[in-house]
Amino acid sequence: MKAFTNPVGPGTLWFHNLTTADGTPVAYDPQARAFLPMPPFCANRDIIGCNWIAPEQGAFCRSCAMTALAPDPELPNAIPNWAETEAAKRWVLDNLGRWHWFRPEDPGTRPTFHMLADGHQLAAMGHGGGIVTISVSEADPVVRETRREALSEPYRTMIGHMRHEIAHMLWWRLSLREDFLLAFREMFGDERADYTAALRQHYEQGPSQDWELFHLTSYASSHPHEDWAETAAHLLHLVDITDSFVAAGMTSPEMPRYNWDPYSEPDTHALLHVAATLATRINHVNRSMGLPDLYPFVLSEATRRKLVFVHGWLRRGAQGL
Ligand SMILES: [Zn+2]
Ligand SMILES: [Zn+2]
């Protein structure tokens, strides 16, 4: 993620800022990828702190307009959890916008979001027919950490959920192309395999012993659809770690050149080399504060090949699909 110029004074603005350091209200224009000092602000600004601009006074921004269902505000912490979930969504939508997904120049279907809070029953995350369902309850760190431990996952965040579930939606968009489907099945296997049975087997019997050779996570080994979603989420993690590193003004010997833009890099292997090296180094930095690793994963040869495949299709992006 880029760091932004303050439109009314000195200093830098960060993606989630609602005001400048001296308190001037600002809003983010997702089309220009820049902050503006004037309304119209998103109609959700006061309720969930959305900092995007709206097309007109009283309207939702481009991101909030994709949310068809908001959580029941009577449920505990539903509004602050929803706010955090929408912030993760805006971040990921902006990332995908670098490859033109869901921007005005993208002629295809946009995702519709159902943001649900756990009530009498748990809100199951998933994607179906363009609808992405997210449990905002997982924005609660205790809920999320409990589930992370129960599932033995090394990493679980709202931005990770958002990338994973939107990746299913992107697969659905790409699957409208015959050439994508044929290439996908060659790389990931046949997604027509019984999904319910595959997931049941994954949870009852666990992954195969050598899953790490072929998959980024054990969950990715459960079914080709999950392998795609996990791989695409990781591609987005790795590109964005690298982009944020550059935007923060940091550098390392692996950087190809000054002002390098990771989202514009066509060579996936070169990009992954930089991203993996940076991740290892930032893991080391995090340990100095006793924090978990930034990126607690290893890229095998097979997972690199899948990341190359995903990168090629996502970079070609929305145009013409
Ligand atoms: Zn908004
Ligand atoms: Zn999934």
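Predicted model: local features only at pLDDT ≥ 70, side-chain atom pairs only at ≥ 80, totals over all residues.

Trainee: How many helices and strands does the chain have?

Mentor: Both kinds of element occur in the chain. The count is 10 helices and eight strands.

Trainee: What radius of gyration does the chain have, against that of a compact globule?

Mentor: Start from the length, 321 residues. The C-alpha trace spans about 55 × 55 × 45 Å along its principal axes.

Trainee: What share of the contacts between residues at least 6 apart in sequence join residues at least 24 apart?

Mentor: Take the burial first: buried residues make up 36% of the 321 in the chain. Now take contacts between residues at least 6 apart in sequence. The share that joins residues at least 24 apart is 57%.

Trainee: Which residues does the cis peptide bond join?

Mentor: Look in the loop between strand 4 (34-36) and helix 1 (45-48), where Pro 40 has its place. The omega angle of the bond is about 5°. The cis bond joins Pro 39 and Pro 40.

Trainee: Asn 77 has a positive phi although it is not a glycine. Is Asn 77 buried, partly exposed or exposed?

Mentor: Its phi is about 60°, and Asn 77 lies in the loop between strand 5 (67-69) and helix 2 (78-97). Buried needs 20 or more neighbours, and exposed needs 12 or fewer. Asn 77 has 16 C-beta neighbours inside 10 Å, so it counts as partly exposed.

Trainee: Phe 102 also has a positive phi. Is Phe 102 buried or exposed?

Mentor: Phe 102 has a phi of about 65° and is not a glycine. Its loop runs between helix 2 and strand 6 (112-116). Within 10 Å there are 24 other C-beta atoms, so Phe 102 is buried.

Trainee: Are helix 9 and helix 10 parallel or oblique to each other?

Mentor: The axes of helix 9 (residues 268-287) and helix 10 (residues 301-316) come within 10 Å. They cross at roughly 120°, and the crossing is right-handed. Angles from 65 to 115 degrees count as roughly perpendicular and those over 145 as roughly antiparallel. The two helices are therefore oblique.

Trainee: How do the residues of the contact of helix 9 with helix 10 divide?

Mentor: Helix 9 brings Thr 268, His 269 and Leu 272. Helix 10 brings Arg 304, Leu 307, Val 308 and His 311. They divide into three nonpolar, three polar and one charged.

How values were computed:
Residues numbered from 1 in each chain as written. Chains lettered and ligands numbered in written order. Helix = DSSP H or I, 4+ residues; strand = E, 2+ residues; numbered from the N terminus. Rg over C-alpha atoms; globule rule 2.2 N^0.38 Å. Contact = placed C-beta atoms within 7 Å. Axes fitted to C-alpha atoms, helices over the stretch in contact; angles between N-to-C directions. Parallel < 35°, antiparallel > 145°, perpendicular 65-115°, else oblique. Left-handed = near helix turned anticlockwise from the far one by under 90°. Nonpolar A, V, L, I, M, F, W, Y, C, P; charged D, E, K, R; others polar.
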